[in-house]
Amino acid sequence: MNHKTAIVVGAGIVGLATARALSLAGYKVTVIEKSEKPVGASIRNFGMVWPIGQPEGLLFNRAMRSRQVWKDISDSTGMWYSESGSMHLAYHADEWQVLQELAALFQQEGRQVFLLSSSTIAARFPHVQQKGLLGGLFSNTELIVDPREAIVTTAAYLENFLDVQFLYKTQVANVETGAVYIGDQKILADLVWVCSGQDFETLFPTVFSNLPITRCKLQMMRFKSSDEVMKIGTSVCGGLSLIHYKSFTKATGLQKLEERYKAEMQAYIKYGIHVMVAQNGNGELTVGDSHEYGHSFEPFDSAHINELIFSYLKQMMDCSSWKLIQSWNGIYPKMQNGATEICLSPATDVFILNGLGGAGMTLSFGLAEEMVKQYA
Ligand SMILES: Cc1cc2nc3c(=O)[nH]c(=O)nc-3n(C[C@H](O)[C@H](O)[C@H](O)COP(=O)(O)OP(=O)(O)OC[C@H]3O[C@@H](n4cnc5c(N)ncnc54)[C@H](O)[C@@H]3O)c2cc1C
């Protein structure tokens with residue numbers, strides 16, 4: 001039987017999710033990746049699958065669908081994940097007011113969220129900093145994967161369970177209807193999907209130069225506690241995260257909160273810092289992050305930014321036993337017009353899927369299923 005064939009350029013989460021959806025739609029898929037192994041944004045993130053950050057409707061449903069796919073892949077492969085949920089903490093009256101508002105709004109939408117008092121948090125999550133804590137908003141829907149394991153395991157899953165093969169260390173130099181070029185070698189395919197992440201100049205530079213797209217650089221750190229069995233019990237965020245997610249913009253108290261942050265926490269606002277902590281199956285704690293926007297960045301990380309993140313972290317977590325073991329940065333493309341993705345066709349049977357910003361781990365599986373259904 002002759003299968004329809006598809007090539008996917010890029011083995012980050014967007015490419016993997018697209019390969020999965022194409023394979024399920026009956027295509028024999030080849031993923032072509034320029035690096036020897038995954039090194040892009042998809043292995044540099046927290047691994048937070050984060051429905052709480054997505055607004056009601058299409059995006060929340062897409063996030064919940066992706067969450068289910070992560071669970072299915074994990075259950076098929078034995079890959080680690082944790083249905084840890086998430087907690088947003090309030091240490092100021094205005095943060096607590098916003099959390100209370102959000103709890104009511106989210107509960108009306110049917111989301112699984114609960115307000116927790118400071119004493120309940122102290123009992124259930126003893127590593128959360130108790131000093132000055134007013135309460136928290138706990139949500140059940142967030143899931144954590146370890147991105148460094150998850151991307152490699154998902155690629156292996158696609159090879160072993162679906163009709164997908166991978167060509168690593170192979171840069172696609174050009175794409176046209178029905179073919180991609182690797183140097184002067186031409187590889188034929190019925191469909192080509194370009195999922196090239198932050199490298200949006202190599203293929204279709206003119207298409208991208210006409211889009212409102214930029215890049216975002218984020219600084220991250222990883223800690224290990226000297227207490228080997230220490231578990232934080234959920235993913236934790238501070239008040240600054242409230243001004244970073246679209247789903248929170250409905251809270252009427254948010255504007256005043258943002259004004260206070262702008263007046264009192266200028267360095268945090270300047271570098272787009274909000275502080276989140278995710279713990280992986282080895283007990284390691286991934287902490288970030290900052291958000292700097294531009295076309296190109298200094299390759300160097302700023303110690304000042306890491307100090308700001310750590311100083312905020314100490315206000316929300318008892319991290320006296322934590323030792324810094326790694327720091328790095330990651331870069332993703334970001335749409336400047338509020339769009340949550342780009343899916344377009346620059347030539348017949350050629351598609352670009354990109355621009356998921358800071359939500360690729362949360363949205364890719366659901367989005368790729370929708371886009372492949374629509375276009376393939
Ligand atoms: C620090 C950080 C934290 C984040 N935290 C989260 C989080 O917790 N939750 C969440 O949902 N999202 C998070 N994100 C966002 C998420 O990581 C990204 O949205 C996602 O990884 C983007 O995936 P991608 O496949 O588009 O890009 P990438 O992972 O960068 O993959 C693109 C791939 O394409 C390859 N490629 C490019 N051009 C070519 C070519 N011509 N030929 C062959 N190969 C090519 C590249 O080598 C690369 O491997 C975070 C991002 C960062 C940077």
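Helix α11 spans 360–375, and its buried residues are G360, M361, T362, L363, S364, F365, G366, L367, A368, E369 and V372. Buried here means that 20 or more other C-beta atoms lie within 10 Å of a residue's own; 12 or fewer makes a residue exposed, anything in between partly exposed, and the C-beta atoms are placed from the backbone. Helices (H or I, at least four residues) and strands (E, at least two) are DSSP runs, numbered from the N terminus. The model is a predicted one, so local features need pLDDT of at least 70 and side-chain atom pairs count only at pLDDT 80 or more, while totals for chains, interfaces and linings use all residues. Residue numbers start from 1 along each chain as its sequence is written.

Helix α11 is not straight: a kink of about 30° is centred on G366. The bend at a residue is the angle between axes fitted to the seven residues ending there and the seven starting there. G366 counts as buried because 22 other C-beta atoms lie within 10 Å. Beyond the residues up to four places away in sequence, G366 touches R62, A63, R65 and S66; contact means C-beta atoms, placed from the backbone, within 7 Å. G366 and Q68 are 298 residues apart along the chain, yet their C-alpha atoms are separated by 9.2 Å.

Next comes the overall layout. Across the boundary, 24 residues of domain 1 are in contact with 21 residues of domain 2. On the domain 1 side, the touching residues divide into 10 nonpolar, 12 polar and two charged. In this scheme Ala, Val, Leu, Ile, Met, Phe, Trp, Tyr, Cys and Pro count as nonpolar, Asp, Glu, Lys and Arg as charged, and the others, Gly among them, as polar.

The largest nonpolar core holds 110 residues, and A6, V8, V9, V192, W193, V194 and V236 touch the most other members. Helix α1 (residues 13–24) gives this core its largest share, seven residues. Because domain 1 and domain 2 both give residues to the core, it lies between them. A nonpolar core is a set of buried Ala, Val, Leu, Ile, Met, Phe, Trp, Tyr and Cys residues joined through C-beta atoms within 7 Å. As for W193, its contacts are A6, V8, T18, F351 and L353, not counting residues up to four places away in sequence.

The ligand has 43 residues around it, and G12, G40, G197, G330 and G360 come nearest. A residue is near a molecule or strand if its C-beta atom, placed from the backbone, lies within 6 Å of it. At least two shell residues each come from α1, α2 (41–44), β14 (213–225), β19 (322–335) and α11. By class, the shell has 19 nonpolar, 19 polar and five charged residues. Domain 1 and domain 2 both give residues to this shell too, so it lies between them.

G288 and D289 are joined by a cis peptide bond, with omega about -5°, and D289 is in the loop between β17 (285–288) and β18 (292–294). K169, not a glycine, has a positive phi of about 55°. The loop between β9 (164–167) and β10 (174–176) holds K169, which is exposed because it has 10 C-beta neighbours inside 10 Å. D349 also has a positive phi, near 60°, in a residue other than glycine. D349 sits in the loop between β20 (342–347) and β21 (350–354), and its 16 C-beta neighbours inside 10 Å make it partly exposed.

L188, in strand β12 (residues 185–188), is exposed, with 10 other C-beta atoms within 10 Å. Setting aside neighbours within four places in sequence, L188 is in contact with G178 and A179. S82, in strand β4 (residues 81–82), is buried, with 20 other C-beta atoms within 10 Å. Its contacts, again leaving aside neighbours within four places in sequence, are L143 and I144.

Terms used
Domain bounds come from an automatic or database domain assignment. Two residues are in contact if their C-beta atoms, placed from the backbone, lie within 7 Å.
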